[in-house]
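Colleague: I want to learn how to read a model like this one. Can we go feature by feature?

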Amino acid sequence: MGELDAIDPGLHEAYRLCRELNRRHGKTYFLATRVFPASKRAGVHALYGFARMVDDIVDVKPVDAAPVLDALERRLTDALGGRPPTYDEFGLVLRALVDTTQRYDIPHEYYYAFLRSMRMDIPGTELFRSRYRTMDELSEYMYGSAAVIGLQMLPILGTETERERAEAPAAALGEAFQLTNFIRDMGEDLDRDRIYLPTDTLAAFDVDEDLLWHCRRTGQRDVRLERALAHLIAHTRSIYRVAEPGIDLLDPEVRPAMRTAFVLYGDILRAVEESGYRVLHQRARVSRRRRLSVAAPQLASAGWTTLRTRSRLGVVTAPQDR
């Protein structure tokens, strides 16, 4: 069975666009989706496509993003209310999103929580934040930007128990993934005048913004920053430990994919450590060989043959993972 076999042919173009957005921008995540049963992939791509397009609006021109995001939210509300979207690119993504939302009964409130957190990234809005003093403040942001992504996924992935039991681990996994990204992308975020790590934690290790900018501009290392990052990595791993038991609550068919994502994102933290915590100077990467070595056994356990595994994973060539 193909990804789109059970979907209205009139929506195939919309779902293909979402899949391409996932393939182009999220190579680690896209690799994990290849392990999902074909029947579940389209819905996962639809969620990714929506989040990707909104994220691009906020990241590319943040000072101009507020009215654009307001307009997109109105279009989202109209679409969820039954008004057919137009056939521009965002309209196509909305068509796939609405269809996925209806088929899996995903609560609409998750999308609005996501948009609220995106507004926290937009200068000039009442919610805007470029710094987060505490982990609690950062967690407020991550609820909408990451935890709800895990909660949206649950109805698509399916569970072997009551969905409520799996919600806390799913939210934790989304948060752990995002904290991993924040650690890895610290230098790039600093260039955008953003610090997505709690400043009181950094300060506890005598790390302030002057030190961050000094290290970023000179390429020098500093033991204070390395100790702070080691602490934050340990904290992030504690969240992964909360999330991990939730994988066994999922539909057995999707567990290989989630374990793949779980391991590969954890490997990003290890890559940061192995680089000497040089996140202000270079982007920590998990090698393609490592990604394939992790994914292949999971694919085999899901019934893929070795030849098919190699040929299908060979398409993962996207340059970004965000």
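Predicted model: local features only at pLDDT ≥ 70, side-chain atom pairs only at ≥ 80, totals over all residues.

Modeller: Start with helix names. Helices are DSSP runs of at least four residues, numbered from the N terminus.

Colleague: What is phi of Asp206 near?

Modeller: First the general idea. Most residues other than glycine have a negative phi. Asp206 has a phi near 65 degrees, a positive value in a residue other than glycine.

Colleague: Is Asp206 buried or exposed?

Modeller: The cut-off for exposed is over 50% relative accessible area. Asp206 has 56% relative accessibility, so it counts as exposed.

Colleague: Where is Asp105 found, and what is its phi near?

Modeller: Asp105 is in the loop between α5 (89-104) and α6. Its phi is near 55 degrees, again a positive value in a residue other than glycine. The relative accessible area of Asp105 is 59%, so Asp105 is exposed.

Colleague: Now a loop residue by its contacts. Where is Asp248 placed, and which residues is it in contact with?

Modeller: Asp248 sits in the loop between α12 (223-243) and α13 (255-274). Leave aside neighbours within four places in sequence, and Asp248 is in contact with Arg255 and Arg259. Its relative accessibility is 44%, so Asp248 counts as partly exposed. For a sense of distance, take Ile7: Asp248 and Ile7 are 241 residues apart in sequence. In space they are 28 Å apart, C-alpha to C-alpha.

Colleague: On to helix packing. At what angle do α3 and α6 pack?

Modeller: Read the angle and the axis distance together. Helix α3 (residues 38-60) and helix α6 (residues 109-119) pack at about 20 degrees, with axes 11 Å apart. Angles under 35 degrees count as roughly parallel. So α3 and α6 are roughly parallel to each other. The crossing of α3 past α6 is right-handed.

Colleague: Which residues of α3 and α6 meet?

Modeller: From α3, Leu47, Phe50, Ala51, Val54, Asp55 and Val58. From α6, Tyr111, Phe114, Leu115 and Met118.

Colleague: At what angle do the axes of α4 and α5 cross?

Modeller: Roughly 40 degrees, and the axes of helix α4 (residues 65-80) and α5 come within 10 Å. The pair α4 and α5 is therefore oblique. Here too, α4 passes α5 in a right-handed crossing. The α4 side of the contact is Leu72, Arg75, Leu76, Ala79 and Leu80. The α5 side is Phe90, Gly91, Leu94, Leu97, Val98 and Thr101.

Colleague: Next, the core. Which members of the largest nonpolar core touch the most other members?

Modeller: In soluble globular proteins, nonpolar side chains tend to be buried together. In this model the largest nonpolar core has 106 residues, and Phe50, Tyr141, Met186 and Leu212 touch the most other members. Helix α7 (residues 135-157) gives the largest share of this core, 11 residues. The core also draws at least three residues from each of domain 1 (1-128) and domain 2 (159-286).

Colleague: Which residues does Tyr141 touch?

Modeller: Not counting residues up to four places away in sequence, Tyr141 touches Ser117, Met118, Met120, Asp121, Tyr132, Gln178, Phe182 and Tyr196.

Terms used: Residues numbered from 1 in each chain as written. Heavy atoms only, no water. Core = buried A, V, L, I, M, F, W, Y, C linked by side-chain atoms within 4.5 Å. Buried < 20%, exposed > 50% of the residue type's maximum accessible area, 1.4 Å probe, protein only. Helix = DSSP H or I, 4+ residues; strand = E, 2+ residues; numbered from the N terminus. Domains from an automatic or database assignment. Contact = heavy atoms within 4.5 Å. Axes fitted to C-alpha atoms, helices over the stretch in contact; angles between N-to-C directions. Parallel < 35°, antiparallel > 145°, perpendicular 65-115°, else oblique. Left-handed = near helix turned anticlockwise from the far one by under 90°.
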